[in-house]
Every structure is written in structure tokens, then in C-alpha cells.
Amino acid sequence: MIRPYRHINSKFHKIQSFVNHLFLDVIFRAPYIANPTFDTSLVLSKYRPLLEAVNDEYLLHPLRECYKTCKNLSKKHLKILKRGVHQNNKIRILCNGNLTPLEYSDIDLIDENLSKQIKTFFDKLYDEAVNKAVFYNKYGKIEDYYKSIVGKSRTCRCCGINKVLIKFHSKRSALDHYLPRNHFPFTSINTNNLLPICDNCNSKYKLAENTIFEIIKRNSRIVSKTRKRAFFPFSKIVPFPRIDVEITLNRALSEDLEPADMNIKLKCQGYEEQIDTWDRLFGIKENYLVECCSEEMYSFYEEQYIADLNFGKTHQQYLDTLESNRLFDMNFLRIAYLKGLNNYSSNS
Ligand SMILES: [Zn+2]
């Protein structure tokens, strides 16, 4: 996370109260409610139209199935599920590594059909229901939520190098479920978990990678699963931890420089684990090295840096200028690249 997002108070955020009401006040209290089956009379009147106006298969059917299963669950299991709703939505604390989330694999151990129905509900809520008029008239459109977060800022805050579509575009870039919804129930519409990122970060690198567990598989079997800390994308830490990129070259610069000719380190004191997670999720080192081998980086070197040096600017003055606006137009990466080139030529 090269820069955090600013959390916006949007109406979209309030869908979480609807979710909490359904699961905490009704579904996971099923044994204590007289009605033998689920129907919308069990729900607060302000939420009934939301359930009744969308396709039965999206929300009502999975809720009926969940209610039926929960009727016969033990107190202990219901407590685990309720705790899951609370814990899984504390995204900041989960990222900091101070809380254990509930995963679908945990619910499978309680009841596999319950796990499947909860997943259907949360997938359909995000993929289908929020795009229906009954939802967006109450909570606003997801496109508007996206636009309120990105504003006019073109650079992906996750990788810091690729572009995202902004509020003036008629289309939008991806909204990533930072804690992937395939692993973590109850989180699909949590606005602390929904971030605008570039398509490269979202659909080429991260995919459904588990943000807070590093999972090693051998022959498609899990051999280890390690809890990991991750940057919280909506962090309010000021200033946000500074990440330095360090590049070293194994050979002199030429137009045909390749990633294998360089080494890269990402440094952020006190946040080493978060840096590793960031790289694991988004292939940051690979992306940065590739960027340094691009035609654009080479022509930046020749046409801007060398040209300025020919006009009398020193290497250090050039770096200072980039440093004064280091997050603009991937200047932080250009600094690392120029330092790498300079160190190579002074050592050889
Ligand atoms: Zn990106």
C-alpha cells in the first residue's frame, strides 16, 4: 500500500446494518424465535422491501435455508457464528494481526450447507442485489461509492504505478475485496474492505489470494497456513509508513536491460511483515522491476535525467527534486532506479 485511502461516510456503508440485523437478530437467534420458518415478518419493517423486491434466489432462499439449519444448532455453534459477524468486520484489527477471523472452512465444520447458503447470500448481495433500484435508492449506487473514494486521483494507491479510472470516467476500475469474500463470510459489502485498485493489481496478481494467511500448497494440498499482518488500506496513521525501494544492478544500463539484471528490496522499518504481504498479494517487486526495464523508464533516463545533467543539474539535485514529490508519477521508483544506476557506475 503505497498510500492509504480516505474513508468516506457514504450511504453504502449502511448496508452493513441490514446485514447485522438479519444475522445477529434473526438467523443466529433462530432457536429462540417461535416461527418455524423464516419469513420477512421477522425482519424490521424498513428492511422488508429489500428482501421482497429482489429475486427470491438471491437473498430470501439462502436466508430460509440458514434459518432452518440454525434452528437446530447448539448454543456454542451459534455463539461462534455471531462472533464471526463481529470479528470479520473489524478489518483494521484483522489486518494488524490481533484477531482471528471466522472462515468458510470453519463454518463447513459446523454445517456445510449453512456455509454454502451464507456464501450465496453474500455473493448475491454484492453481485446482484445492490445493483437493484430498491437497494440503490436507499443506499446509493456502488459506482458512486467508488467515485467518492477515488475522486480525481489517477494512480492506484496499492501499487503506486498503474492507473485507475476516476470520477469523470463513465466506467470504473475494480473494487477489490481486500479480505477475499471467498474466504471470509459477512464481509462482502463492508466499505473498509472494498477498495478501488487497478486491474493489474486486482485481476492479474491478487485474485482470491488470502490476505492475512500465507498458504503454502504442495500437489494442491495445504502444507502450511501462517497468519500474516497486512497494511490496512484505510489506515489513519499519519504520516503513513514510508516505503523505500532499493534497486541494485548486476550490469551496466543498456536498452535491453531485463529484470534478471537487477535486485530489488522493499524497506519500511517496523512494517516488514506488512511489506512481505503486500508483495505476496500484488507481485510488487516483479511489477517494479518490469517497470524499470520499460521503454518509458529508459527514455525518462535519457530524455529527462541525462538532459538535465547536461544542463548542469547534479545527480543529487535531480533526486532532491523527485523526492520533493515522491508519490507523484512513480517518482519513488525513479529515485530507486537512478540510485541503482549511479551506485553501479560509481562501483565499477
Ligand atoms: Zn495497482
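Angles under 35 degrees count as roughly parallel, over 145 as roughly antiparallel, 65 to 115 as roughly perpendicular and the rest as oblique. This is a predicted model, so local features need pLDDT of at least 70 and side-chain atom pairs pLDDT 80 or more, while totals for chains, interfaces and linings use all residues. Residues are numbered from 1 along each chain as its sequence is written.

**Exercise 1.** Find how H14 and H15 are oriented to each other.

*Solution.* Start with the helices, which are DSSP runs (H or I, at least four residues) numbered from the N terminus. The axes of H14 (residues 315–323) and H15 (residues 331–347) cross at roughly 160 degrees and come within 9 Å. Here axes are lines fitted to C-alpha atoms over the stretch in contact, with angles from 0 to 180 degrees between N-to-C directions. H14 and H15 are therefore roughly antiparallel. Next, look at who touches whom (contact: C-beta atoms, placed from the backbone, within 7 Å). Among the residues making the contact are Tyr318 and Leu322 of H14, and Ile335 and Leu338 of H15.

**Exercise 2.** Work out how domain 1 and domain 2 meet.

*Solution.* Then turn to the contacts: ten residues of domain 1 touch eleven of domain 2. Helix H10 (residues 199–206) supplies the largest share of the domain 1 side, three residues.

**Exercise 3.** List the partners of Leu63.

*Solution.* Leaving out residues up to four places away in sequence, Leu63 touches Leu22, Ile27, Phe38 and Phe121.

Terms used:
Two residues are in contact if their C-beta atoms, placed from the backbone, lie within 7 Å. Helices (H or I, at least four residues) and strands (E, at least two) are DSSP runs, numbered from the N terminus.
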